[in-house]
Amino acid sequence: MTPYASVGKEPAYSIKIKTFRVTENVPALGTPYQYNMANPHEAAVVAHGVWNAAFDLDRESIAVFTCNGRNDLTGFRAWHGTIDFSTVYPREILEACLRLSASGFVVVHNHPSGDTMPSQADINITEHLQTAARCLGLRFLDHLIIEVSNVENVYSFRSNGLLT
């Protein structure tokens, strides 16, 4: 991270972010077209593969996984946060979807504490994303909260009725 002068008391930071288009086998994932991203368990398997290969596991991070019309994984973009907080604006998530020519997407973030219950901020961003995605004609398939050390500990907003 690079520190910059900011308006408030705290310094502002620039964080490098990478966007990937999945066009061939990714060692952490295997064949990208074997995953149905509309299925919470399969999306969680993809997320765990990426998290364990690319992220600092003790930091909260958020990623958007994009898919085509058949719900096949086509790309992802990730943002890294701190030990207990990550922030990204809905417009940044949707911009990544548009740049990756997505038909649909799944948002995934981790809670390093292992508690996968959503916070009010998690619920709020999901509601904003759902509204904005509909306006853009994008299918918001799910928002998952994962525990990176346990692929079975996943909270699905769709499965729990918080995403329609």
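These legends accompany several close-up views of the structure shown above.

The structure is a predicted model, in which local features need pLDDT of at least 70 and side-chain atom pairs count only at pLDDT 80 or more, while totals for chains, interfaces and linings use all residues. Residues are numbered from 1 along each chain as its sequence is written, and side-chain values use heavy atoms, with hydrogens and water left out.

**View 1. Helix α2 has buried residues along one face.** Helices (DSSP runs of H or I, at least four residues) and strands (runs of E, at least two) are numbered from the N terminus. Helix α2 spans residues 90–99, and within it I93, L94, A96 and C97 are buried, where buried means under 20% relative accessible area, exposed means over 50%, and partly exposed is in between, for a 1.4 Å probe and protein chains only. Seen down the axis of α2, the buried residues fall within an arc of 150°, so they line one face of the helix; the arc is that of the directions from the helix axis to the C-beta atoms. An α-helix has 3.6 residues a turn, so residues three or four places apart point the same way. On the other side of α2, R91 and R99 are exposed. The cover over the buried residues of α2 includes the strands β4 (61–67), β5 (73–80) and β6 (104–110), together with helix α3 (120–136). R91 also lies over the face of Y89, at 4.6 Å from the ring centre; for such a placement, NZ of Lys or CZ of Arg must be within 6 Å of the ring centre and within 35 degrees of the ring normal.

**View 2. The loop between α2 and β6 holds S101 and S103.** S101, which follows α2, has a positive phi near 55°, and at 59% relative accessibility this residue counts as exposed. Most residues other than glycine have a negative phi. S103 lies in the loop between α2 and β6 as well, but at 25% relative accessibility S103 counts as partly exposed. Although S103 and L138 are 35 residues apart in sequence, they are 5.6 Å apart in space, C-alpha to C-alpha. Leaving aside neighbours within four places in sequence, S103 is in contact (heavy atoms within 4.5 Å) with C67, N68, G69, G137, L138 and R139.

**View 3. Strands β4 and β5 form a hairpin.** The two strands pair in the antiparallel sense over 7 bridges, pairing being assigned if DSSP finds at least two bridges between two strands. C67 stands opposite L73 in β5, and 5 residues lie between the strands of the hairpin. N71, in the loop between β4 and β5, has a phi near 70°, a positive value in a residue other than glycine, and N71 is buried, with a relative accessible area of 14%. Strand β5 is itself mostly covered, since 7 of its 8 residues are buried.

**View 4. Strands β7 and β8 are joined by a hairpin of 2 residues.** Strand β7 (residues 139–147) and strand β8 (residues 150–156) pair in the antiparallel sense over 4 bridges. In β8, Y155 is the bridge partner of I145.

**View 5. Aromatic rings pair in this model.** Rings of Phe, Tyr and Trp (its six-membered ring) pair if their centres lie within 6.5 Å, and planes under 30 degrees apart count as stacked, over 60 as edge-to-face and the rest as tilted. By this rule the count comes to 3 aromatic pairs. F105 and F140 are stacked, with 4.7 Å from centre to centre and 10° between the planes. F105 lies in strand β6 and F140 in strand β7, so the pair ties together parts that are 35 residues apart in sequence. The rings of Y155 and F157 have centres 5.4 Å apart and planes at 85°, so this pair is edge-to-face; both Y155 and F157 are buried.

**View 6. Nonpolar residues gather in the largest core.** A nonpolar core is a set of buried Ala, Val, Leu, Ile, Met, Phe, Trp, Tyr and Cys residues joined through side-chain atoms within 4.5 Å. Of the 21 residues in the largest nonpolar core, V64, W79, I93, F105, V107, L129 and F140 touch the most other members. β4, α2, β6, α3 and β7 each supply at least two residues of this core. Not counting residues up to four places away in sequence, L129 touches P90, I93, L94, V107 and F140.
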